[in-house]
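Colleague: I am new to this structure, and I would like to go through it with you, asking at each step what lies behind the words you use.

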Amino acid sequence: MEARILWADDEIDLLKPHILFLESKGYKIDTANNGSDAVDLSSDTHYDIIFLDENMPGLTGLETLARIKEKKPNVPVIMITKSEEEHIMEEAIGGQISDYLIKPVNPNQILLSLKKHLKTKDLVSQKTTSDYQAEFRQLGMRINDRPDAAEWTEIYEKLVMWELKLEQSSDESMKEIFSMQKKDANAQFCKFVDKNYRDWLHGDEDAPILSHQLLAKKVFPLVGKEPVFLIVIDNLRFDQWKILQPLVSEYFNVEKEELFYSILPTATHYARNALFAGMMPLEISKKFPKFWMNENDEGGKNMHEADFLEANLKRNNKNVKMSYNKVIKLDFAKRMVDKFNELLHNDLNVIVYNFVDMLSHARTEMEVIKELADDESAYRSLTASWFNHSPLKEILKKIAEKKIRTFITTDHGTIRVNNAIKVVGDKATNTNLRYKVGKNLDYNAKEVLVSTNPEDIQLPKENVSSSFIFAKENDFFAYPNNYNHYVNYYNDTFQHGGISLEEMIIPFIELRAK
């Protein structure tokens, strides 16, 4: 479909060669020689773009711009001016012009500007598709070339980059190809974890940084030397961080962006307690028997994170003043904003923000959230929308104003599940969809990662015959009883606890205030 253009200039007759040139390229051009006519034409006709002379008698270009934008706020306007005076450019940009050109302009400048604003999406889509095609084979070779833990983080970074780029593309077939490559990557990654995870917990020199090692290696070296804020956004995947990054960058420069590995199970009960305690769950259960809760114990499983953190600090010779704040309700977050200055007396302030985890669960349970976040892209978008209007953004702004070193991280990621596999367990079996703990589990061993001796992977053993099994890739566990209902209810929901790139490889970000 040809683009329709309005060109307003008091010397429009002198621009006839330019107009003929554009018409030869397939554009339809309407003209006006004053601002009033331009306003009238733009009100009555849909234009894909408007060229507007800044210096016209009667209504000036800036006045014409304001009136056009009152009625058609979304139409792109390109200002053409003889003047490069700063205040004119500031007024034009403030009036929401899409671009400006300095007279005299030549036809190729005009054509380039049109392509930039009318065909950018198509051109970017074509370039993205072409670039991904060029890298597809190389990425596939890396996935299947037995990468180590560090190489898997690089592969995952690449996959997230392409996922976000292809999200802007209109090439659905290429998105499908990417989806297949990502699925293949997850299949290979699960084999890699199955083969290496136990060794990581027993001194393998190639082991990545795991949840229980993160604070001692990355945060504590600064604690006591300068004030530090640690923001733990529960359930934050790396792709979600990349969507939040431009918003955070309003106030901070990203000093370091690293990835580390969540322990198994990739669930809050295990991963976040390990993060703060600086210990694997087995050691926590032995050293803090009053605080550790097993699967079948009644009560909250993450009620003692502050105690674990305090003990971890002391064990690392950090006798500092700290605060621990868990945000699960909006009112509490708002009170933190109001009382922010009280936090400035501490050497370390930890804020655990539970919104993304709540979003994940709400999407499972509420139809309206499912509709708002019906795919990966929408799920990311909803995360960004939350952050942009949340008290957390205001807290980060205040931290930046005080020039305080800040870290953002998470306890685990999440994956969109859509493949049910059957498991049978007794009444004592836990309810998580991505891992199961029990003594009478019945499953297909080829479909899961199995630990018949939980202590071998540093997990508590509730009784002599307890086993852990972990779902892989995009699988979730379903019981044979009422199987179809169970599958339909949980299919296409975001879950955590098992083995996937999205759940295990998670962000650690170091920020420095601008």
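**Reading the model**

Modeller: Of the 514 residues of the chain, 52% count as buried. Please keep in mind that this is a predicted model. The chain has 21 helices and 18 strands, and its C-alpha atoms fill a box of roughly 90 × 50 × 40 Å along the principal axes.

Colleague: What makes Val254 partly exposed?

Modeller: Val254 has a relative accessibility of 26%, and since buried means under 20% and exposed over 50%, this residue falls in between and counts as partly exposed. The place of Val254 is in strand S7, which covers residues 252-261.

Colleague: Which residues is Val254 in contact with, leaving aside its neighbours within four places in sequence?

Modeller: With those neighbours left out, Val254 is in contact with Trp241, Gln245 and Ser249, and also with Ile509, Glu510 and Leu511. As for Phe407, its C-alpha is 9.7 Å from that of Val254 in space, while 153 residues separate the two in sequence.

Colleague: How do you know which strands are the edge strands of the open sheet of five strands?

Modeller: The order in that sheet is S2-S1-S3-S4-S5, with parallel pairing, and strand S2 (28-32) and strand S5 (99-102) are its edge strands, as each pairs on one side only. Neighbouring strands of this sheet are turned against each other by 20° on average, with direction ignored.

Colleague: What makes S1 and S2 a pair?

Modeller: Two strands pair if there are at least two bridges between them, and five bridges join strand S1 (residues 4-8) to S2, the two running parallel. Within this pairing, Trp7 stands opposite Thr31 in S2, and helix H1 (residues 16-24) lies across S1 and S2, running at about 155° to S2.

Colleague: Why is the pair of Trp7 and Phe51 called tilted?

Modeller: There are 29 aromatic pairs by the rule used here. The ring centres of Trp7 and Phe51 are 5.1 Å apart, with the planes at 40°; planes under 30 degrees apart count as stacked and over 60 as edge-to-face, so this pair is tilted. Because Trp7 lies in strand S1 and Phe51 in strand S3 (residues 49-53), the pair ties together parts that are 44 residues apart in sequence. Both Trp7 and Phe51 are buried.

Colleague: And what makes the pair of Tyr270 and Tyr435 edge-to-face?

Modeller: The planes of Tyr270 and Tyr435 stand at 85°, with 5.7 Å from centre to centre, and an angle over 60 degrees counts as edge-to-face. Tyr270 lies in helix H11 (residues 268-277) and Tyr435 in strand S13 (residues 435-438), so this pair ties together parts that are 165 residues apart in sequence. Tyr270 and Tyr435 are buried as well.

Colleague: How do you know that the charged end of Lys422 sits over the ring of Tyr483?

Modeller: The limit for the distance to the ring centre is 6 Å, and the charged end of Lys422 is 4.8 Å from the centre of the Tyr483 ring. Lys165, in turn, lies over the face of Trp162, at 5.2 Å from the ring centre.

Colleague: Which residues touch the most other members of the largest nonpolar core?

Modeller: That core has 102 residues, and the ones touching the most other members are Trp152, Phe189, Tyr197, Tyr261 and Phe276. A second, separate core of 18 residues includes Ala3, Leu15, Ile19 and Ile78. Ring pairs also link Trp152, Phe189, Phe192, Tyr197, Trp200 and Tyr261 into a cluster.

Technical notes: Residues are numbered from 1 along each chain as its sequence is written. This is a predicted model: local features need pLDDT of at least 70, side-chain atom pairs count only at pLDDT 80 or more; totals for chains, interfaces and linings use all residues. Side-chain values use heavy atoms; hydrogens and water are left out. Helices (H or I, at least four residues) and strands (E, at least two) are DSSP runs, numbered from the N terminus. Buried means under 20% relative accessible area, exposed over 50%, partly exposed in between (1.4 Å probe, protein chains only). Contact means heavy atoms within 4.5 Å. Axes are lines fitted to C-alpha atoms, for helices over the stretch in contact, and angles run from 0 to 180 degrees between N-to-C directions. A nonpolar core is a set of buried Ala, Val, Leu, Ile, Met, Phe, Trp, Tyr and Cys residues joined through side-chain atoms within 4.5 Å. Rings of Phe, Tyr and Trp (its six-membered ring) pair if their centres lie within 6.5 Å; planes under 30 degrees apart count as stacked, over 60 as edge-to-face and the rest as tilted. A charge sits over a ring if NZ of Lys or CZ of Arg is within 6 Å of the ring centre and within 35 degrees of the ring normal.
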